[in-house]
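Open the model in your viewer and keep the selection tool ready. We will go stop by stop.

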Amino acid sequence: MRTDTTTQVRTEPAAPLSVTLPVRLIGAALLLATGGIHLYLWQTGYKDVHLIGPMFLANVVLAVGAALLVLLTPQRWLAWACLLAGLLEIGTLGALLLSLTVGLFGFFEAWSAPLVTPTILVEAAGFLVLCGFAAQQLLASRRREPQV
């Protein structure tokens, strides 16, 4: 007599479309806003600041790439794409806060500089949306995995 020891695992989508689509759109928009702010600032003078100028331009490229990643990644990998994009946002915000307080590569930013407040808001919102979604999805997927 043979008994069947296989277990049935119910697979569910990582997130319903009603949640996933807004996260993709809002997350990508916030990433593009971050890139747009850095491109504008780079064009208006930051390109001449040693090390900071190239970093601003790199941020533009990375933000556009991350926005495309969030928009185009298959559902299966979306949580990881959002996590990476959210880490880009918090890293960029951290660099701004360092430059506002103790300096970054010898560069000190002033609170009165153009777009400081909007940049902080956009990058913080991007981090919260993207990493919040990623954390929720990754924790939910751990609960759905079969226990061995």
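Which residues form a nonpolar patch on the surface? Select Leu21, Leu25, Leu32, Val64, Leu68, Leu71 and Leu72. Together they have about 630 Å² of accessible area. Keep in mind that this is a predicted model.

Now colour two helices: H1 (17–43) and H2 (52–72) each give two or more residues to the patch. H2 gives the most, with 4 residues. Pick Leu71, which is found in H2. Leu71 is partly exposed, because its relative accessible area of 34% falls between the 20% limit for buried and the 50% limit for exposed.

Next, go to helix H3, residues 78–101, and select Glu89. Is Glu89 buried or exposed? It counts as buried, at 1% relative accessibility. Show what is around Glu89: leaving aside neighbours within four places in sequence, its contacts are Leu30, Leu31, Thr34, Val122, Glu123, Gly126, Phe127 and Leu130. Take Thr34 from that list. Thr34 and Glu89 are 55 residues apart along the chain, yet their C-alpha atoms are separated by 7.9 Å.

Now the largest nonpolar core, which has 15 residues. Select Leu41, Tyr46, Ile52, Phe56, Leu100, Val116 and Ile120, the members that touch the most others. H1, H2, H3 and helix H4 (116–144) each give two or more residues to this core. Apart from this core lies another, of 13 residues, including Leu31, Ala66, Val70 and Phe133.

Last stop: Tyr46. Not counting residues up to four places away in sequence, Tyr46 touches Leu41, Ile52, Gly53, Phe56, Phe107, Glu109 and Ala113.

Note on methods. Residues are numbered from 1 along each chain as its sequence is written. This is a predicted model: local features need pLDDT of at least 70, side-chain atom pairs count only at pLDDT 80 or more; totals for chains, interfaces and linings use all residues. Side-chain values use heavy atoms; hydrogens and water are left out. Patches are made of residues with over 30% relative accessible area and no salt bridge: like charges are joined within 9 Å, nonpolar side chains (Val, Leu, Ile, Met, Phe, Trp, Tyr) within 5 Å. Accessible areas come from the Shrake-Rupley method with a 1.4 Å probe; for residues, only the protein chains shown count as cover. A salt bridge is a side-chain nitrogen of Lys or Arg within 4 Å of a carboxyl oxygen of Asp or Glu. Buried means under 20% relative accessible area, exposed over 50%, partly exposed in between (1.4 Å probe, protein chains only). Contact means heavy atoms within 4.5 Å. A nonpolar core is a set of buried Ala, Val, Leu, Ile, Met, Phe, Trp, Tyr and Cys residues joined through side-chain atoms within 4.5 Å.
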